[in-house]
Amino acid sequence: MSLSSVKYSTVRPQGKTANYTANEKITFDIPDRYAYISGKNSYLYVEMSDTSTYSDGTKVGMPHCLPPNLGGHCLFSRMQYQATSNGKDIEDVDGYNTYVSVMKSWGADFDEYEAMSQVEAVSAHTNRPIHRRAGKACNQNFLPPPNDNDDSTVITAAVNSKEVSLCLPIHLGIWSGMGDDNHVLPNGAMGGSQLHLYLADNNQVIQDLASEHYIFDGDREELTYHNATDVVPAAVANAAATVTVASQVLNGIIGDDLPISGLVWRVGQVLNVFQNDGTTRIDGGVVIKVVSVQNTGTNTVITTDHTFTGDVADAKVCIDKAQVRKYNISKIELRLLETNPTDPRQVLSSFSKGFNFKSTVLNKLSVPAGLTNSILNLPASNTKAMSLWNVPVVADNLNGINENNSLIYPQMDADANQIYTYQWQIQNNLIPNRGVAIRKEFVSSDNTIHYNQCQMACRSMFECRSVNDGADNRAPELANPLFVPLTLAPMGNSFNLLNQEGQLRMTSALSPKAKLHHLYTNHNRVLRIDANGVDVEL
């Protein structure tokens, strides 16, 4: 079917049209005068800013960015689409940003991220510090470079946060945001519709920038990355106002290769300077602010507005840990691509008979800490399921910061020796025929089998392009957002989960933390529009 007479129209939110903050709800009412919509070419236009403050209430030079594995999609913890005529839920994707983190990380390779970063602020597979480094242009969402010349070695002027603009596709199946579908959304025939956006918590949106440093042990050097709120070794001297980053972590030790733009420190920031325990504040916890930052070739010297009263050779320094993270959406609009099919009767006929589209539904299953062997009983509510993704989210880190936020960046437990072994049971069949053991360390494991399972389980929703990407050997595929996959049916088919009594068996080598398993069932839905109104079959 061909389309004609396309044009963009703008829909603004109901109620207030600006200044939305964390955990609020945004509703777009889409009246039936927008008869046919090309969902794949429609998007959300967002203007947002970082309104975080330091512990003293100031906010100059906040070293923050959006999570590179999610970009602007981190804003939405849930997305709901309803028919206006009868309030019927057409789609309701809870854990939206968790789901999209898998989609964006596993569904792209590094060649695509450059363009994506300029539109959606998605720039990498992971939310690790290496991908949030301050010197990377696409991470400067809020904090611009310190000077006009990025190769400079000194910072003397304060830099304020800036606003960022985003264009975000809508990853709902009826909006052609899943799989390779591209169909017309018959908004007029539905009698109009509503799109509800539920905004995420501040810690899921505001992430630390990371400094890029060299570690040098006398015969070799390598790069390492530290979040702005990570403590790093430093030294302070009596009657001096400077903090010198110690020789264990130096910026540009060899030939000063790394410009100062690779550091998170800026003029006007609030510093925490600690004793060698990393927790006891120096000089009674007075507010210490940055006056200038300079690379000397062997050290980074931060000049402050405070004169220290003692020598501490093994001090620790970081950006103010007691800061309050906040964001503000100053403008958000739904940009619709209106269109007209050449044969509207054919479209209406297909929807009256039943139109298939892809979607997902979330069920949450909790498991207590210390349970090394667990069996998860799978919900069986879909008759046209295609695949299952189990995302094991660490319950203690639901409100964590940076790479420790398990909702936007689900990972295995932190211990490097942890091993997960999983096996599914469907219709009394074990899939695969033995457990799959995965671990982050490059030692004996079934990681390759796991990657193949991931590729198959993604195929119905998107093409998995990150496996064997090869762009960054410091970020292997298991550093991507973790999910445990199962393919239920080949491409173009579906599987009836009713009365199957499916299970997922998981084993941990070490005592695991409490988990809130996010189980996404990817499936086909059927939308019918007839004289009786709008109806959806799962």
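T126 counts as buried because its relative accessibility is 0%; buried here means under 20% relative accessible area, exposed means over 50%, and partly exposed lies in between, with a 1.4 Å probe and protein chains only. You'll find T126 in the loop between helix 2 (110–119) and strand 8 (154–155). Helices (H or I, at least four residues) and strands (E, at least two) are DSSP runs, numbered from the N terminus.

A quick word on what you're looking at: this is a predicted model, where local features need pLDDT of at least 70 and side-chain atom pairs count only at pLDDT 80 or more, while totals for chains, interfaces and linings use all residues. Residues are numbered from 1 along each chain as its sequence is written, and side-chain values use heavy atoms, with hydrogens and water left out.

The side chains of T126 and H131 are joined by a polar contact of 2.7 Å. A polar contact is a pair of N or O atoms within 3.5 Å; within protein, one must be able to donate a hydrogen and the other to accept it, and residues adjacent in sequence count only if both atoms are side-chain atoms. A polar atom of the T126 side chain also lies 3.1 Å from the backbone nitrogen of R128.

On a 1 Å grid over the protein atoms alone, a pocket is an open set of points with protein on both sides within 12 Å along at least five of seven lines, whereas a cavity is a set of points where a 1.4 Å probe fits but cannot get out; lining residues have an atom within 4 Å of a point. Grid points are joined across faces, edges and corners, and a volume is the space filled by probe spheres set on the points. Sorted by class, the lining of the largest pocket has 13 nonpolar, five polar and eight charged residues. In this sorting, Ala, Val, Leu, Ile, Met, Phe, Trp, Tyr, Cys and Pro are nonpolar, Asp, Glu, Lys and Arg are charged, and the others, Gly among them, are polar.

The second largest pocket takes up about 410 Å³. Of its 22 lining residues, M103, K104, H171, G177 and F462 lie nearest the centre. Helix 1 (96–106) and helix 2 are the elements that give two or more residues to this lining.

The largest cavity has about 110 Å³ of space, and 13 residues line it, with S374, S508, P512, K515 and H517 nearest its centre. Strand 28 (503–508) and strand 29 (515–530) are the elements that give two or more residues to that lining, and strand 28 gives the most, with three.

The second largest cavity has a volume of about 50 Å³. Strand 13 (210–216), strand 14 (221–227) and strand 20 (312–319) each supply at least two residues of its lining, and the largest share, three residues, comes from strand 20. Among the lining residues are H213, W265 and V317.

Strand 17 and strand 20 run antiparallel and are joined by four bridges; two strands pair if DSSP finds at least two bridges between them. Strand 17 also runs antiparallel to strand 18 (residues 288–295), with two bridges between them, and here V270 stands opposite K289. In a regular strand the side chains alternate between the two faces of the sheet. Both faces of strand 17 are covered, with V270, N272 and F274 buried on one side and L271 and V273 buried on the other.

Finally, have a look at an open sheet of four strands, in the order 2-11-6-7 with antiparallel pairing. Strand 2 (25–30) and strand 7 (89–94) are its edge strands, each pairing on one side only. Strand 2 pairs with strand 11 (residues 193–199) in the antiparallel sense over six bridges, and the bridge partner of I30 in strand 11 is S193.
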